[in-house]
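This briefing is intended for a reader who has the coordinates at hand.

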Amino acid sequence: MAFLAARRRHPAARVLLLLLALFVMGALSTLLAPSQQSSADTGTSQQVTEGKALFTVQCASCHGLNGEGQTTAVIQGPPLAGVGAASVDFQVGTGRMPMAQGGVEQAPVHPVRFTPEEIAALAAYVATLGPGPAIPNPEEYDTAGVSQEDIARGGELFRTNCSACHNFEGAGGALPGGKYAPSLLDTQNVHIYEAMVTGPQQMPVFNDDVLRPEDKKAIIAYLNDLHSRPNQGGLNLGGLGPVSEGLWGWIIGLGSLMFFAIWIAAKGVKAK
């Protein structure tokens, strides 16, 4: 004890005590950490590595080797830092990416070219480029058990925030500059959710401050309920509502009246 008391005021004592404390904490952390953590990290790292290799071959020609983007006159690809895994899952999972050619006004839907595992790997790699929206969990867009009240609320939210572009039943519509709001009739729930949180093309971003997660689920439930209803007969006229109905009303209704007016006038002249 006298030996330690004599040396505890040594200039190096504090440094040695600090190193000893760090060594003890590191040893305890290693011993108490779950054994599954290392395997999970290995799996994620392997997925990111596979995604980077796939990205280099399939995406780098437009988006750059490190996702920095390309702005040449022939090929244009935006930077991907911060777009998040959800954006990749939406764009690649709907066949919009990879595009057949650059410079078009809007990426159209095409058959999906990658497997779910490849899409997950690409999304995992792009997520490492910068923080962004993650792929939603299934419970966030699964509409099983959603009440009729929530479906009705989802309809109100959709008509308020989405119908101006997508039409009141999600049939899509034209936008300025050669762009368009795509139809939602055959869109998967997860892709509708991802579109709301990422804002693809000219669509605004509906983050959780604008539409809560339960609001997004209610909108998806409304669309599923609306699209599952049977046609009660007659022509739906593209689901465009009073616009197309009024157009055909003028063409057929007013056109018929004009035809009969001309026919009556012609008959009247012949009778004289």
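Of the 272 residues in the protein, 30% are buried. The model is predicted, and its secondary structure comprises 12 helices and 4 strands. Among contacts with a separation of 6 or more, 59% join residues 24 or more positions apart.

**Aromatic pairs**

- The count of aromatic pairs comes to 3.
- One of them joins Phe55 and Tyr125 in a tilted arrangement, with 5.3 Å centre to centre and 55° between the planes.
- Because Phe55 belongs to helix α3 (residues 36–58) and Tyr125 to helix α6 (residues 116–127), this pair ties together parts that are 70 residues apart in sequence.
- Phe55 and Tyr125 are both buried.
- Another tilted pair is formed by Phe158 and Tyr222, at 5.8 Å centre to centre and with 45° between the planes.
- Phe158 is found in helix α8 (residues 148–161) and Tyr222 in helix α11 (residues 213–227), so the pair connects parts that are 64 residues apart in sequence.
- Phe158 has a relative accessibility of 1% and therefore counts as buried; Tyr222, with a relative accessible area of 8%, is also buried.

**Salt bridges**

- Side chains of opposite charge can pair when their charged atoms come close.
- The whole structure contains 6 salt bridges.
- Asp208 and Lys216 form one of the salt bridges, with their closest N and O atoms 3.0 Å apart.
- Arg212 takes part in a salt bridge with Glu214 (3.4 Å, N to O) and in another with Asp215, where the closest N and O atoms are 3.1 Å apart.
- Arg212 is partly exposed at 42% relative accessibility, and Glu214 is partly exposed with a relative accessible area of 39%.
- Asp215, by contrast, counts as buried because its relative accessibility is 7%, under the 20% limit.
- A network of salt bridges links Arg212, Glu214 and Asp215 with Asp150 and Arg153.

**Helix α10**

- Helix α10 spans residues 189–198 and is mostly covered, with 10 of its 10 residues buried.
- Its buried residues include His191, Tyr193, Glu194 and Met196.
- The buried residues of α10 pack against α5 (84–93), α7 (138–141) and α11.

**Second largest pocket**

- Rolling a probe the size of a water molecule over the atoms shows where empty space is left.
- The second largest pocket has a volume of about 590 Å³.
- Its lining consists of 34 residues, and those nearest the centre are Arg96, His166, Pro182, Ser183 and Leu184.
- At least two lining residues are supplied by each of α5, α8, α9 (163–166), β4 (180–181), α10 and α11.
- Helix α10 contributes the largest share of this lining, 4 residues.
- By class, the lining of the second largest pocket holds 21 nonpolar, 11 polar and 2 charged residues.

**Backbone exceptions**

- Most residues other than glycine have a negative phi, and most peptide bonds are trans.
- The peptide bond from Met97 to Pro98 is cis, with omega near 0°; Pro98 is located in the loop between α5 and α6.
- Asn167, although not a glycine, has a positive phi of about 75°.
- Asn167 lies in the loop between α9 and β3 (173–174) and counts as buried, at 10% relative accessibility.
- Gln201 is likewise not a glycine and has a positive phi of about 55°.
- The loop between α10 and α11 holds Gln201, which is partly exposed at 35% relative accessibility.

Technical notes: Residues are numbered from 1 along each chain as its sequence is written. This is a predicted model: local features need pLDDT of at least 70, side-chain atom pairs count only at pLDDT 80 or more; totals for chains, interfaces and linings use all residues. Side-chain values use heavy atoms; hydrogens and water are left out. Rings of Phe, Tyr and Trp (its six-membered ring) pair if their centres lie within 6.5 Å; planes under 30 degrees apart count as stacked, over 60 as edge-to-face and the rest as tilted. Buried means under 20% relative accessible area, exposed over 50%, partly exposed in between (1.4 Å probe, protein chains only). A salt bridge is a side-chain nitrogen of Lys or Arg within 4 Å of a carboxyl oxygen of Asp or Glu. Contact means heavy atoms within 4.5 Å. On a 1 Å grid over the protein atoms alone, a cavity is a set of points where a 1.4 Å probe fits but cannot get out, and a pocket is an open set with protein on both sides within 12 Å along at least five of seven lines; lining residues have an atom within 4 Å of a point. Grid points are joined across faces, edges and corners, and a volume is the space filled by probe spheres set on the points. Ala, Val, Leu, Ile, Met, Phe, Trp, Tyr, Cys and Pro count as nonpolar, Asp, Glu, Lys and Arg as charged, and the others, Gly among them, as polar.
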